[in-house]
Amino acid sequence: MGKAKAKAKQVKGKLKETVGGATDDKDMQAEGRSEQMAGKAQETAAKAAERLKKSGG
């Protein structure tokens with residue numbers, strides 16, 4: 001997954017967390033936080049893969 005898709009996942013998660021907070025839906029808030037963390041992990045992995053590729057590895 002590329003950095004753009006990972007960033008989109010983070011934004012989607014933040015939106016879910018915000019809507020969950022506004023509607024007092026704890027499950028949606030937790031799902032949003034989880035999605036944000038997954039997006040951050042994917043973004044980190046994509047950055048590491050880019051660095052590895054640039055270094056010739």
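Reader: How many salt bridges does the count come to?
Author: Keep in mind that this is a predicted model. Side chains of opposite charge can pair when their charged atoms come close. The cut-off here is a Lys or Arg side-chain nitrogen within 4 Å of a carboxyl oxygen of Asp or Glu. By that rule, the count comes to nine.

Reader: Which helix holds Glu-50, the salt-bridge partner of Lys-3?
Author: Lys-3 and Glu-50 meet through their side chains at 3.4 Å, N to O. The two sit 47 residues apart, so to speak at distant parts of the chain, with Lys-3 in helix H1 (residues 3-22). Glu-50 belongs to residues 26-54, helix H2.

Reader: Is Glu-50 buried, partly exposed or exposed?
Author: Buried would need under 20% relative accessible area, and exposed over 50%. Glu-50 has 35%, so the label is partly exposed.

Reader: Which residues join Lys-16 and Glu-31 in one salt-bridge network?
Author: Glu-31 and Lys-16 pair up at 2.6 Å, N to O. Glu-31 lies in helix H2 and Lys-16 in helix H1, so this pair ties together parts 15 residues apart in sequence. Through shared partners, the network also takes in Lys-12 and Glu-35.

Reader: Why is the protein chain more spread out than a compact globule?
Author: Its secondary structure comes to two helices and zero strands. For 57 residues the globule rule gives 10 Å, and the chain is well over that, so it counts as more spread out than a compact globule. The C-alpha atoms fill a box of roughly 50 × 15 × 10 Å along the principal axes.

Conventions
Residues are numbered from 1 along each chain as its sequence is written. This is a predicted model: local features need pLDDT of at least 70, side-chain atom pairs count only at pLDDT 80 or more; totals for chains, interfaces and linings use all residues. Side-chain values use heavy atoms; hydrogens and water are left out. Helices (H or I, at least four residues) and strands (E, at least two) are DSSP runs, numbered from the N terminus. The radius of gyration is taken over C-alpha atoms; the globule rule is 2.2 Å times the number of residues to the power 0.38. Buried means under 20% relative accessible area, exposed over 50%, partly exposed in between (1.4 Å probe, protein chains only).
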